[in-house]
Amino acid sequence: MSSTNIDTRSELAAVAWLADHREHLDPARANDDTVMFARKALVEVAVLVGLRAHLDPAPLAPDYQHLLDVVADVAARPSYRELVRRDRRALLLYAGVYAALRLCGREDPAFRHVLEQTVTGRFATSFERVPYRHLDLLHTLDLAGIDCAAPGIEQVLPLTLVANDPNVWELSTGDVYAITHAVFYLSDFGRRDVAWPPSTDAATVVDLLHGCLALARARADADLVGELLMCLTCLRAPLTPFESDARAWLRSWQEPDGRLEGPPGVVPQRLRDADPDWGSWATAYHTTIVGVFDALLLRVTPRAPAPPSTARPYHRPDDVARLSGTLARAAVWLERDGSHDLRATVWAARAWELAEQPGRAGDVLRHALASPDLGAAVVAAPAETVLHAAVLAARHDVTAPAALRDVCDALAAALDPADPTDTRLGSARAHLADLRGEARPPGTPAPLDLPPHPGPAPEPDGEPGDNSDTGLRDRALALAADLLSRGPRPRLTPADAAQALDVLARAGREAVESFDVALFAVVLRALPRLPRVPHRLLRDAADLLAGQQDLDGAIGAPLMDDPDERLTLQRRWTLVATTALAEAVPILARSEPTSRAAPASSPA
């Protein structure tokens, strides 16, 4: 079955489910605990039906018509309209209903009069709103055909989150909703182009949406996944395989009757227990509306596939220069405080290379390789680190001492006859090939050891409940170790790659919440090994790590005062962060297809 037919069937099934449960839209049938759910759902369904008429000139299908009839019946009641005068802060709850009726050809002069009086009264349009809610006001009143003297789009847009290039790893769920809704209103759900302010541009916004989409899918948040897919369609972004994969995931989330379960924690458990039928509707109606919208917008909005050769810089040159400066300062710190760990030597030298100071890289290597403690450091280091040190020494004309040469010879003797399908040796083999001046061997296809997805993630600031994923950190570290051992370009099945991205993205978000610098750095190292990773995840991860650097070059902020304890933790954090940044900078410095984040040239 074609994707178009699947989308149409998904839309019709979801609308049918909403129509089958339309009794829950009537505030008169709700109790004190559930009446606000009914009022909110009523306007959201009304907007869905109104925009269906707005976007598609074809007659409404019967289930859309059933929903419209409920909206019209409720709106015709004097008791409903009088709420506009009683609660002017809630103007949009009622203006959205009127706008939908108007778009469907059901003009209601009496309803319009009440709304116009409320707008004329000024308070309803002038009390303090966050920027995206102000855009909601402007968009709703525009659809309603009601004039408003409030500041316009050009004044509000520069204040929005979407226009200010936020770091995706730090965005809360509420932040992402602010982004998606701003895009809906700015674009009139895909019917107009957005004039972005100087602080951003269309391509940057699309990259932001891709990064948010990866994190939302990792959390199995079907509601946000659907809204982000809607945004990409509203902006008529080139259709990428990454987006198509996410949409296929959303369609798979839909139940046979059309229902789409929403994220946990939205509806109080006591209300769900009191009326299970209502609870089943309340936890799903919004996500089901989003599913309808996604399919509808995709059906009526022209989209072109992204050309496979499309490329754009991951970072601007000044961004790369700033990250290179971060690496140079970290290299100085590692030289001074990184102990005699061979990994610190390797990555300090690599950091100097990326800071375009090869002389300093050579000095680091000469000093470390002349140390009387080199033998112990070599024995304690992983095989790939030893081989990487030898590669760097040869590159900078530093004579490798016998302690290093002997271990490299022994490693070569062990690697040459080893099973070529052993994925654990991929990284070491790549360095050995570099040392010999040979082409790196291709990666060996092998499945990843991935457990089933644990289900929707809890809200970071909510109660974990049964969805708490206490083993996520360990799983992510084991997965990253597997990917890193396979070399720079592991050969993975699409299913494994998608699930690996979910685990790493979810772990990275958790690392940000818990300030786990080591885990976050490991996630940044592992992500480029996967195909179809939105480069926004890499760019913002690198920025986040770089932003944790102290004046002296150490990375991380230990919440402790004991100097020895601080130094121990900073050594660990600075080493892993420098390693991750040193691998990320070459990727970020070049143009790559947005559907593929190529790995760094020198993993260790």
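**Ground rules**

I number residues from 1 along each chain as its sequence is written. Because the model is predicted, local features need pLDDT of at least 70 and side-chain atom pairs count only at pLDDT 80 or more, while totals for chains, interfaces and linings use all residues; side-chain values use heavy atoms, with hydrogens and water left out.

**Entry 1: helix α5**

I looked up α5, residues 91-103. Helices here are DSSP runs of H or I with at least four residues, strands are runs of E with at least two, and both are numbered from the N terminus. What span should the 13 residues of α5 have at 1.5 Å a residue? The expected span of a helix is 1.5 Å times one less than its number of residues. For α5 that gives 18 Å, and its end C-alpha atoms are 18 Å apart, which agrees.

Next I checked burial. Buried means under 20% relative accessible area, exposed means over 50%, and partly exposed is in between (1.4 Å probe, protein chains only). By that rule, 11 of the 13 residues of α5 are buried, so I noted the helix as mostly covered. The buried residues run as L91, L92, L93, Y94, A95, G96, V97, Y98, A99, A100 and L101.

What do they pack against? I used contact, meaning heavy atoms within 4.5 Å. The partners are α2 (35-55), α3 (62-75), α4 (78-86), α6 (109-120), α7 (123-126) and α8 (131-144). After α5 comes G105, with a positive phi near 80°.

**Entry 2: A46**

Is A46 buried or exposed? A46 counts as buried, at 1% relative accessibility. I left aside its neighbours within four places in sequence and found A46 in contact with V71, V97 and A100. V97 and A100 are also among the buried residues of α5. A46 and L68 are 22 residues apart in sequence, yet their C-alpha atoms are 6.8 Å apart in space.

**Entry 3: the largest pocket**

I searched for open space next. Rolling a probe the size of a water molecule over the atoms shows where empty space is left. The search uses a 1 Å grid over the protein atoms alone: a cavity is a set of points where a 1.4 Å probe fits but cannot get out, and a pocket is an open set with protein on both sides within 12 Å along at least five of seven lines. Lining residues have an atom within 4 Å of a point. Grid points are joined across faces, edges and corners, and a volume is the space filled by probe spheres set on the points.

The largest pocket holds about 1200 Å³. Its lining has 50 residues, and K40, E44, R133, H181 and H286 lie nearest its centre. Which helix gives the most to this lining? α2 does, with 8 residues. α5 is one of the helices that supply at least two residues each, and α16 (285-300) is another.

I sorted the lining by type. Ala, Val, Leu, Ile, Met, Phe, Trp, Tyr, Cys and Pro count as nonpolar, Asp, Glu, Lys and Arg as charged, and the others, Gly among them, as polar. The pocket lining has 29 nonpolar, 12 polar and 9 charged residues.

I also checked α16 itself. α16 has 16 residues and reaches 23 Å from its first C-alpha to its last, close to the 22 Å expected. 14 of those 16 residues are buried.

**Entry 4: cavities**

How many cavities of 30 Å³ or more are there? The whole structure has 5. The largest cavity has a volume of about 150 Å³. Its lining has 13 residues, including L171 and R509. They divide into 8 nonpolar, 2 polar and 3 charged. α11 (202-218) is one of the helices in this lining, and α11 gives the most, with 3 residues.

**Entry 5: salt bridges**

A salt bridge is a side-chain nitrogen of Lys or Arg within 4 Å of a carboxyl oxygen of Asp or Glu. I counted 39.

E335 pairs with R360, with the closest N and O atoms 3.7 Å apart. E335 lies in helix α17 and R360 in helix α19, so the pair ties together parts that are 25 residues apart in sequence. E335 is partly exposed at 40%, and R360 is partly exposed at 33%.

D482 and R486 form a salt bridge at 2.7 Å, and both are buried. Last, I noted a salt-bridge network that links D7, E243, R247, R251, D294 and R303.
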